[in-house]
Amino acid sequence: QVQLAESGGGLVQAGGSLRLSCAASGRTFSDYAMGWFRQAPGKEREFVAVVNRSGVTTYYANSVKGRFTISRDNAKNTVYLQMNSLKPEDTAVYYCAADVTRGIPVSSKNYDYWGQGTQVTVSS
């Protein structure tokens, strides 16, 4: 029974930046690895980034590596996705997800809880 709420999406021009936030309910945020996924119209949901429980280890999809940064603040029960140098192909609904693991899962099937998503639209 964990609730996740994404925010920070919007419309931005190519080359711009956005920072997404995901606020988690409860008092055990540090027990979860946190991931970001995205889904564009007509496409499958795809992995974007993940950060482990402590925030030390991260992993990124090749399509966003070098442009996006995932981080977490366990004291605030919040995970972030800083998105720089945005491209039109980044347009999608972005979801955060939580997994009870010490690892860095990249498959959606490993995640236990999901947020409702936030729309990111990048124009050219």
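**View 1. Aromatic pairs in a predicted model.** This is a predicted model, and its aromatic pairs come to six. One of them is F37 with F47, an edge-to-face pair. Their ring centres lie 5.8 Å apart, and the planes make an angle of 75 degrees. F37 belongs to strand 4 and F47 to strand 5. F37 is buried, because its relative accessible area is 2% and the limit for buried is under 20%. F47 is buried as well, at 14%.

**View 2. F47 and Y59, a stacked pair.** Here the ring centres of F47 and Y59 are 6.0 Å apart. The planes meet at 25 degrees, so the pair counts as stacked; the cut-off for stacking is under 30 degrees. Y59 is partly exposed, with a relative accessible area of 43%. Both residues also belong to one aromatic cluster, made up of F37, F47, Y59, Y111 and W114.

**View 3. Two arginines over aromatic rings.** R45 lies over the face of Y95. The distance to the ring centre is 3.8 Å. R72 places its charged end over the ring of F29. In that case the distance to the centre is 4.4 Å.

**View 4. The largest nonpolar core.** In soluble globular proteins, nonpolar side chains tend to be buried together. The largest nonpolar core of this model has 35 residues. Which members touch the most other members? They are M34, W36, L81, M83 and Y94. Several strands give two or more residues to this core: strand 3, strand 4 (33-39), strand 5 (46-51), strand 7, strand 8, strand 9 and strand 11. Now focus on M83. Leaving aside residues up to four places away in sequence, M83 touches G16, S17, L18, L20, R67, F68, Y94 and V120.

View 5. The strands follow the order 1-3-8-7. Their pairing is antiparallel. Strand 1 (4-7) and strand 7 (68-73) are the edge strands, and each pairs on one side only. On average, neighbouring strands of this sheet are turned by 15 degrees against each other, direction ignored. Look inside the sheet at strand 3 (residues 18-24) and strand 8 (residues 78-83). These two are joined by six bridges in the antiparallel sense. Which residue of strand 8 is the bridge partner of S21? It is Y80.

**View 6. Strand 11 and its two partners.** Strand 11 (residues 118-123) pairs with strand 2 (residues 10-13) through four bridges. These two strands run parallel. V12 stands opposite V122 in strand 11. Strand 9 (residues 92-99) also pairs with strand 11, in the antiparallel sense and over three bridges. In this pairing, A92 stands opposite V120 of strand 11.

**View 7. The two faces of strand 11.** In a regular strand the side chains alternate between the two faces of the sheet. Which residues of strand 11 form the covered face, and which the uncovered one? T118, V120 and V122 make up the covered face. Q119, T121 and S123 make up the uncovered face.

**View 8. Two loop residues with positive phi.** N77 is found in the loop between strand 7 and strand 8. Its phi is positive, about 55 degrees, although N77 is not a glycine. Is N77 buried or exposed? N77 counts as buried, because its relative accessibility is 16%. Not counting residues up to four places away in sequence, N77 touches C22, A23, A24, G26 and F29. F29 is the residue whose ring lies under the charged end of R72. S85 is found in the loop between strand 8 and strand 9. S85 is not a glycine, yet its phi is positive, at about 50 degrees. S85 is partly exposed, with a relative accessible area of 41%.

Definitions and conventions. Residues numbered from 1 in each chain as written. Predicted model: local features only at pLDDT ≥ 70, side-chain atom pairs only at ≥ 80, totals over all residues. Heavy atoms only, no water. Buried < 20%, exposed > 50% of the residue type's maximum accessible area, 1.4 Å probe, protein only. Pairing = 2+ DSSP bridges. Axes fitted to C-alpha atoms, helices over the stretch in contact; angles between N-to-C directions. Core = buried A, V, L, I, M, F, W, Y, C linked by side-chain atoms within 4.5 Å. Contact = heavy atoms within 4.5 Å. Phe/Tyr/Trp six-rings, centres within 6.5 Å; stacked < 30°, edge-to-face > 60°. Lys NZ or Arg CZ within 6 Å of the ring centre and 35° of its normal.
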